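Visitor: I'd like a quick tour of the aromatic side chains here. Could you walk me through them?

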Amino acid sequence: MIFNGILFILWFAVWMLLSWPPDAKNIISGVLVSLFVTFMTSDIMHVGSAKERRAITFLGRLACLGWFIYYIFVFLWECFKANIDVAYRVIHPDLPISPGTIKVKVALKSDIGLTFLANSITLTPGTTSVDVDKEQGYLYVHMLCVKEDRGRLKIVDKFENILKRIFE
């Protein structure tokens, strides 16, 4: 229950930051939306059987929340760097691109972990997740410049290591 309170405060703070300046309408809307999002995401940090979810301690869930907040900052930093890289490639006179699709081996097993990874890669400029092969453990990623990466995305490693601590 305390964990849900922390999630509510986190979502409400995000709402207030996005809808600044505060007024009565924003506060009431923020409370309602934050309650709904808390209800929908309170069990998202560890997916498994009901018995496994009950076995997770408050500190374990708090650690997952901490890793998730860290993940947001890593994701924003990687997006910033990718934006600069894509902008450079667009304004460069020789347009140094070599688009293609690569197959990346991933260790994540949970559906939600794979979904977060695939969506994070897609939201990062210059890359798009094309397909996920859960049985074989592969993620197919279309890239703006394939020859510089040699078959393994560095960004996948960064995201995957953090997502493993959150969702598995």
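Guide: Here are a few questions and answers about ring pairs and charges over rings in this predicted model.

Visitor: How many aromatic pairs does the count come to?
Guide: Rings of Phe, Tyr and Trp pair if their centres lie within 6.5 Å. By this rule the total is 6 aromatic pairs.

Visitor: Take Phe68 and Phe116: is that pair stacked or edge-to-face?
Guide: Their ring centres are 5.9 Å apart, and the planes meet at 80°. Planes over 60 degrees apart count as edge-to-face, so the Phe68 and Phe116 pair is edge-to-face.

Visitor: How many residues apart in sequence are the parts that this pair of Phe68 and Phe116 ties together?
Guide: Phe68 belongs to helix α4 (residues 58-91), while Phe116 belongs to helix α5 (residues 111-123). So the pair ties together parts whose separation in sequence is 48 residues.

Visitor: And Phe116, is that one buried or partly exposed?
Guide: Buried means under 20% relative accessible area. Phe116 has 23%, so Phe116 is partly exposed.

Visitor: Which helix holds Phe159, the partner of Tyr71?
Guide: Tyr71 and Phe159 pair edge-to-face, 5.5 Å centre to centre with 65° between the planes. Both Tyr71 and Phe159 are buried. The two are 88 residues apart, with Tyr71 in helix α4 and Phe159 in helix α6.

Visitor: Which residue joins Tyr71 and Phe159 in a cluster?
Guide: Ring pairs do the linking here. Along with Tyr71 and Phe159, the cluster takes in Phe75.

Visitor: Over which ring does the charged end of Lys103 sit?
Guide: The charged end of Lys103 is 4.3 Å from the centre of that ring. Lys105 also has its charged end over this ring, 4.9 Å from the centre. The ring belongs to Tyr138.

Note on methods:
Residues are numbered from 1 along each chain as its sequence is written. This is a predicted model: local features need pLDDT of at least 70, side-chain atom pairs count only at pLDDT 80 or more; totals for chains, interfaces and linings use all residues. Side-chain values use heavy atoms; hydrogens and water are left out. Rings of Phe, Tyr and Trp (its six-membered ring) pair if their centres lie within 6.5 Å; planes under 30 degrees apart count as stacked, over 60 as edge-to-face and the rest as tilted. Helices (H or I, at least four residues) and strands (E, at least two) are DSSP runs, numbered from the N terminus. Buried means under 20% relative accessible area, exposed over 50%, partly exposed in between (1.4 Å probe, protein chains only). A charge sits over a ring if NZ of Lys or CZ of Arg is within 6 Å of the ring centre and within 35 degrees of the ring normal.
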